[in-house]
Amino acid sequence: DLTTQLLTFAQGGDPVKSAVTIEQTVRQTASFNLSGSNVKLIIEHPEELWRVNADKGQISQVIANLVINSRQAMFDGGTLRIKIENTAMSEKDYAALELDKYVKISIIDEGVGISEKHLDKIFDPYFTTKQDGSGLGLAIVHSIILKHNGYIYVNSEPGKGTSFVIYLPVADSIPN
């Protein structure tokens, strides 16, 4: 896995995109990465969830990295909430987003949180606050999301938890 992550990061690892039902990918990846832990998983999504234009393997890697970080931040257990929703944007909502239809994935934990002084560095390669971390996990997450023409941001407060919010463009086959 580490070799694949390094190659993805170093070589650019361009995604091979197709129309993906993201809920299945998120559920399978999150459940697998939380199995045997003391973290409860709650996934919320509407019945009619748009498909995204994505590389299923790379998005699975994004979810795995974020879920593993959340699990490690909740060493005493807790709840990991993943909310998936359709969202229509306008220019005034988020200037960084170029399209108008996205699937929004919010990954919200009850962990230790990230200090404000580290928030602006967490997507930098090789930056880590962990003793045994490589500092590549979130850098790879950021790179993959950007290569999908998506957007990711983080909110965190020490002692209160962290939320990562991802926007992925919908597949072209979605009716208007």
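These are my notebook entries on a predicted model.

**Ground rules.** I number residues from 1 along each chain as its sequence is written. Local features need pLDDT of at least 70, side-chain atom pairs count only at pLDDT 80 or more, totals for chains, interfaces and linings use all residues, and side-chain values use heavy atoms, leaving out hydrogens and water.

**Confidence.** I looked up pLDDT, the predictor's confidence in each residue from 0 to 100. The protein averages 83, and 79% of the residues score at least 70. Confidence is lowest in helix H1 (residues 2–11), with a mean of 56, and highest in strand S2 (residues 39–44), at 97. Helices (H or I, at least four residues) and strands (E, at least two) are DSSP runs, numbered from the N terminus.

**Helix pair.** Next I checked how H2 (residues 22–34) packs on H3 (residues 56–73): the angle is about 40° and the axes lie 9 Å apart. Axes are lines fitted to C-alpha atoms, for helices over the stretch in contact, and angles run from 0 to 180 degrees between N-to-C directions. I noted that contact means heavy atoms within 4.5 Å. Among the residues making this contact are Ile22 and Val26 of H2, and Ile59 and Val67 of H3.

**Ile82.** Leaving aside neighbours within four places in sequence, I found Ile82 in contact with residues including Val26, Val67 and Ile105.

**Asn149.** This residue sits in the loop between helix H5 (137–147) and strand S6 (151–157). Asn149 has a positive phi of about 60°, although it is not a glycine. Is Asn149 buried or exposed? Asn149 counts as exposed, at 52% relative accessibility; buried means under 20% relative accessible area, exposed over 50%, and partly exposed in between (1.4 Å probe, protein chains only).
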